[in-house]
Every structure is written in structure tokens, then in C-alpha cells.
Amino acid sequence: MKCSSVFYVTTLFCTLFFLSQPLNAQKKSSSPNLVFVDGQGVLRWTKDKSEASFFGVNYTVPFAYSYRAYKALNIDMEKAIQQDVYHLARLGLDAFRVHVWDTEISDSLGNLLENDHLRLFDFLLAELKKRNIKIIITPIAFWGNGYPERDEKTPGFSRVYGKGKATSNDTAIRAQENYMHQFFKHVNPYTKLSYVDDPDVIAVELNNEPSHSGPKSGVTDYINRLAAAVRSTGWSKPLYYNISQSPYYADAVAKAAIDGVSFQWYPTGLVANQEVQGNFLPNVDHYTIPYDTIPEYRKKSRMVYEFDAADVLQSCMYPAIARSFREAGFQWATQFAYDPMALAYANTEYQTHYLNLAYTPSKAISLLIAAKVFHRVPRLKSYGSYPADSSFDAFRVSFKESLSEMNSEQEFYYSNSTNSNPVNSIKLQHLAGVGSSPVVHYDGSGAYFLDKAGEGLWRLEVMPDAIHIRDPFERASPKKEVTRIEWQRQAMTILLPDLGEGFSIKGLNTGNNYTTTVTGNSFSIEPGTYLITSTKAKGKTFSIGKMGALDMNEFVAPQSFSNEPFVKHIPYTEVSSGTSFTIEATIVGLGTGDKITVQVNKLGGGFGQSRLITMTRRASCDYIAEVPMELATPGVLNYRIIIQKANGDYIVFPGNYKSNPFAWDYYNNDTWQTFVAAVNSGLEIFNPTNDRNARIYPTFRRGFQTSYITGANPGQLILRLATNELSGDHIMGFQYTFTGKLKGRESETFDKLVIRARATGAEQVKAKITLTNADANSFSASITLSNSFRDIEVPLHGMVLDSVLLLPVPYPGFMPLWFKGSGAPGVFKLSEAQRIQVIIGNDVPPAEFNKPYSMEIESIWFQKNQ
């Protein structure tokens, strides 16, 4: 074809031109570079040679699913980008990275397509520049543009060749060279600058998570060709390439003509399809890099292009991750991925990630604190191991409090309620939080920010309440709301010496005419931005200007996706008999005058075995009802929560039935169920018949199989793990988190652990059974499995402090797989136990690795001595 002939002539010329350039060409651009990499691999500011560091997020609205979703919702995309970028600046972030979906902005020959995706990407970069957020571009993603939907038939070369061929097929590489040349010569219509000349585009990562094969020399040649293509455009800024995706090729990557190497970190795995529970701070204790023996690596700059504690909703992870990054020498880190505000109600973009200031306020404040860690903590500094490194510099993280905290003379930030007093409340300049502290008491659940604008003058920004009503990490749908936004008036108290008492509050953002009366230090507040003026500052003239990268009167927050009532409730599996217990629920969408009751029925009970109990409001959207002890007798309790609207209508949960449950023709029988345990009965913590979300290890290995099978007992499933040999790291097993089963009986004392299991071979097999508590201390014991099912008893007092296999498996695969707590274990408290782990392989001698192994688990429970 004619176009192909033109392409081959053009690419031949371009290839010869690229290869004629020195690999270390440093052609001067019209704008000075903000940063450079020195001879020791340290990223430094050009102006004063000091070390540079950048921390932020990936964000994808111009491309792929987000773009299509915004179009489907008929959203003004430019305005939406501006709103999200404002929130990034509000969180103090200064780094942005994204893998550009080249498949959407190129053709099969690598020619750049000037389309809406590229235009919006340029608009996004221009908005980031306004907020002083620096940019690293990854121009080639290799991916299709579908996820979570099917890929479209895009025009780009990546769709033609795919990941595998793209790094080895010469025609594919020439397309990439052509694309790079055009991409970096392209002029952003909003900034009037090419990416080469834009000083805020500080570096490039050549591609995203490449898939390599073949000889190592070919990998080095491929990287050098891409690097030469970029440098031929006049690019003299740092070039990075991924070194963690294919560890076998690490030395080939390090030998290439690049300035730095890129890494990723998913310490809690990916796509669990549910929120993962438990203390994962051990998973982020250290970022261990295995490349120090490669001489060329030691002089390369280090960046983290993507990271996240995936499927985790708790807000203690990000500062610990940032600390470990700094210990490992990283100077750039960008979380993947910040959720676009218009999609975050359903978390449809990437269901395994969930981060947005409005919808996940605690995690967002945790990210703000992590940014402070990344900029404040010295590169390569170690703070020991968990739990000693939970408090470091001005920072603190706590799993039990689901808390990240920064507490310095001028800044005080907390991701959840804290009892910590500020270091110096007189010198405070900035405060942000969720919940309450000794400085601010707030009844709402959204984030708030206090920034000093002058003596006796503070800018207050209050986000609407965010209430999680469904598991955000389950299968997502635009029709399924996972977090409810509610604009409510909430009580707030501010105890700042600079404000004193009797201060005044005035709305700043457009349309904010809310007025409130301050009594002492307390007042009611609605979402918005405000100027707080102390009595000593009254009468002072104050111009509404800028505060750093923010305008004083800016405010962005979403409206609620729905105002319908909804009940989130997780029933106790079991409760202790002979004592009252509480039923707790999160309820949204209520109106003035609505009443909430719980109808509790004892299965098989007669007169007096049914109650209608009023639920009372404990916090913003949290309600509670106490079930009396006379109903807590051995057996089963079934119950439902009934909302009676002020107009007399009923809504019944579970089921969200809009009908009168007391009417003669009400036929819906859905209820929640809780067992009341008999005195001295056991407490089952794992049963494969019901518990099918155990974490299996390995996730994949040739010859390894996991199955749920039936056995001799009708209706009972058995978890079976089998392998042809103990290859790889010679371990197989599973882990299950059982905190929900323990809650209703945590006041009871149990003496032993019982496991009903067997091995299926002719020989006995040793296994290790481990309990891990909320402090991440693990206690283990060895058991012997025979070829018949039997109840194996393990006295709890005989379990010893030990290491535990980290599950979900951290990624990349060279991260540590085992953890042993460094703190004093103290007395093992069953009430703090969280996980059970059973593995085979620890006690197997190397000579026995090549044999088949299997184990079958029918049930695990705690038992009391009789």
C-alpha cells in the first residue's frame, strides 16, 4: 500500500537519524530543566543542586474507561478535570504520572493522532502546571483501552502488536520510534509548549510495564532505540525505564542509556474482590531491592511509577509506604490511581483501588500525610522494623486506630479521630483531619482543613459527609452506589489560641450564604469554604486572594448520587449466651421524623420471644439497638431493621422492601441471623462450606490445585490443596481472616485450637498452624496430618512467637514473603486474634521437595477445656 511505502521510507530515515545520535545526547531545549540526575543517581534541583522529591498520583480521565464514562454521563470534562486537580492541590501533592493510552492517540504506524484524548491530556497538564504539580509522562501504555469493559478497536500500534511483540518486533519498534518523535514534538495548545520545552514535564518513563523475552542484549538495544528517539527531539531531561517488571532483565535495563529506573509496589496484592481485613503494616515495613550487585544500577535514579495498598479501606498505610520508599532511596512516587470525583460514588474505574478526597476522606488525608513524609524524611534513612517504625520523625501510624498522623510545630494532620495534642497549638499554621482531636471536635465524617491566613484569620474548608454503604472493592457497577455523600449541618468546635472564643464565620465560596452563631468555640457548619475571624482581627481589611496553589474562595464537592434510605449492617455470626448485645447499623437517607426499629424473633420461640427495639443515633449515621439478655439464650435470632418514614411509609432491610412489614399480606421473609452460642460451646473460625474467601498460596504454580470438595458428611465442603511437588519456594497453604466471627464472643475465654484435617498420601505430613493478632505478632505450633480426618488439638498457651507468610502476596515478587514482629509480644489475647494460617513445607527437608503433597481442611474452631 502507498501509505506503508511512505511509512517505511520515513521510519528508515528516522531510525538512521536516531541511531546517529550519541546515546548520551544532551541537546539543549529552550527551557531550562528543573532537575537533573547526578553521577551517583540522585535527582537534584538544577537551581541549587539540592535533592529533589515528588509525591502524588496517577489520574486517567482523558483516556479509556474514565473518558467513556464521563461522556456517557454528559459531564463537562474540562470542568471535571479542574475540580479533581483542585483536590490534588488541596492535598498538597506535587507529582502526576499516567501511562498514556497510545492505542487511542496513534495509528498502527506510530503517527500521532490529534484527537480529543490528546487535547484533554494537554488540558490536564496545563491545569496541573497552574497548581505547581510536576509531571512525568509515560508515553506508551501497551494496554487496550477497555478495562473494566471490553477493549475497543483502537487505531494504535499497541493493538496491532500487543505487549509481547512490541518490545522485539522491528516493525513495532519503528512505529514506537516514530510515535515518540511526534509525541514529544507535539505542542500543547493550552501551554503553547512542547513536552520537551515544558519545564514542568520533568522526566519521561519510556513505557509502562514492558514484557521482555529473548536475549538480554536485545532488551538493552530496544531501550536504547526508544531513548535515542526521545533525545532526537531535543529532550535532555531524565529518562526512566521499568526494572521491576522483569527482574531477569534487570542488568540489561541498567546497562541501557537511561538516567533512572522505575518500580511499582502493591504490598497487599490486587483485585481481591472484597475489602481485605487485618493489619497490613508488616506488608509495607521495607521496600527491598535486589539489584545492588548490578554496578550500573547503583548510579541510576529511582522512581515509583505506581503503588497502592489495594483493597484496603483503612487509613494507616500511605505514610508507612512513603517512609519505606524513602528508606529505599526513591525520589518520586505516584499512587495508582486517584478516582475521578464523578465516578467515585461507585468506584467503577479500578475496583481494587479507591482514593478520592470527597469519597474516601480518611485515606485522602493519609495520602496528604504521606506526601509530607516523602518530602521530610531523609533519603535512605531507616527507622527500624514494625512496630518500632510506627512512630518516626513527626509521624505516627496505627492499625488499631486506623490512623495516620503528622504532628509538628506548624502542621497537625490526622486521618481519623486522635487523642494526640498538637506539639505547639500557638504556632500552628495548618490543620487537616477527619473526626475529632483536642483542637477540633467535629461530628461529621468528611474531611476538613484549617489554614492560617493571617493573625486571627483562618481559612476553613469543610467537605460533606462520606458514608461507606457497600464494600467498594466488590464487583463494581455504575448502578451500585458504594459511598453516600450527604450535605448535612454538623456541630464543630475549634480550640485554637489564635482564634480564642467568639470568632465570626463568613462563607467564601460562590453561593455560600450560610451564617452561623458561635457560642464560645462551638458552632454548626455546612460544607463549604469559610473565613474565620477572631475578635482581635475584626475590622481588619482582608482581600480574597491565593493561599499557595489555592484560591481562598475555592470549593469543590459532589452532590449525592442518591437520597434514598439505605442500611448497611453486618450481623454477628455468634454471640455469647446470657448477656445482652448490640445491633449496630449505618443508615443514610433519613429525614426529619423518621423512626428506626429492629424486630427480633427467636426461632421456635413462643410468647415473649419477639421484640421491637428502637434504634438510637450514636453518631452522624451510626445507629444502635440493645438486644436484652433474656433473648440471648442458646438458639438462633432472626431480625430485620424497619424504617418508618414521617409520612407513614415503611422500608424494610435486608432487602430494601418498601412495604408495611406489619400488614397481613407482607410476604418478604428476608432477615439477618445470629446464633446464640450454648455455654462452653466451641467457636468455629473457618468452615469451607461457608468461608470461601480464604487466601491461598501459591496463587499459581504448575501442578498446584485448589478445590472445594464434598466428603462423608452431607452438606459439608472441604478445602483441598494439592501439588505434584513443592517447587518454587517450597510452601503451600492458606490464610483466613476471622475477626467478624470472634466479635460476638470476644469476652469468652478459650483454651485450645482444634483443626479437623488430613493429608491424603500414605505418609504423615507436618504442617504449621499460625494465629496472628492485631499487633501483627504471630504464634505458631506444628501439627501432624495423617491420611484420615481427625480432630487435632493445639493448646493456645503452647503456641510460640514465630514468623508468618505475608498474604496477600506483595508485588513485585522480590518483596519479602515472611514477617516476624520485632516488638515484645506480651500475652496472647484471643480477643485480638485476626487470622489463621495453615501451611505445609516449613518442615519438609529438601530431599523430599519432589514428592506430591496435599491437605484437606474440614473445620477449625476454638474450644474450652471441659
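**Aromatic pairs, cores and a buried arginine**

Good morning. The structure holds 48 aromatic pairs, where rings of Phe, Tyr and Trp (its six-membered ring) pair if their centres lie within 6.5 Å, and planes under 30 degrees apart count as stacked, over 60 as edge-to-face and the rest as tilted. This is a predicted model, in which local features need pLDDT of at least 70 and side-chain atom pairs count only at pLDDT 80 or more, while totals for chains, interfaces and linings use all residues. Residues are numbered from 1 along each chain as its sequence is written, and side-chain values use heavy atoms, with hydrogens and water left out.

I begin with Tyr 179 and Phe 183, a tilted pair with 5.5 Å from centre to centre and 35 degrees between the planes. Both residues lie in helix H7 (residues 170-185), four residues apart, about one turn of the helix; helices (H or I, at least four residues) and strands (E, at least two) are DSSP runs, numbered from the N terminus. Tyr 179 is buried at 0% relative accessibility, and Phe 183 is buried with a relative accessible area of 0%. Here buried means under 20% relative accessible area, exposed over 50%, and partly exposed in between (1.4 Å probe, protein chains only).

The rings of Phe 738 and Phe 862 have centres 5.9 Å apart and planes at 70 degrees, so this pair is edge-to-face. Because Phe 738 lies in the loop between strand E43 (732-737) and helix H12 (739-742), and Phe 862 in strand E52 (residues 853-863), the pair ties together parts that are 124 residues apart in sequence.

I turn now to the cores. A nonpolar core is a set of buried Ala, Val, Leu, Ile, Met, Phe, Trp, Tyr and Cys residues joined through side-chain atoms within 4.5 Å. The largest has 151 residues, of which Phe 121 and Leu 206 touch the most other members. Helix H11 (residues 361-376) gives this core its largest share, nine residues. A second, separate core of 43 residues includes Phe 734 and Val 794.

Finally, which helix holds Arg 323? Arg 323 is placed in helix H10 (residues 318-327), and is buried, with a relative accessible area of 4%. Its side chain reaches the backbone oxygen of Asp 389 at 2.9 Å. The charged end of Arg 323 sits over the ring of Phe 392, 5.4 Å from its centre; the criterion is NZ of Lys or CZ of Arg within 6 Å of the ring centre and within 35 degrees of the ring normal. Thank you.

Methods. Polar contact = N/O pair within 3.5 Å; in protein donor to acceptor, adjacent residues only side chain to side chain.
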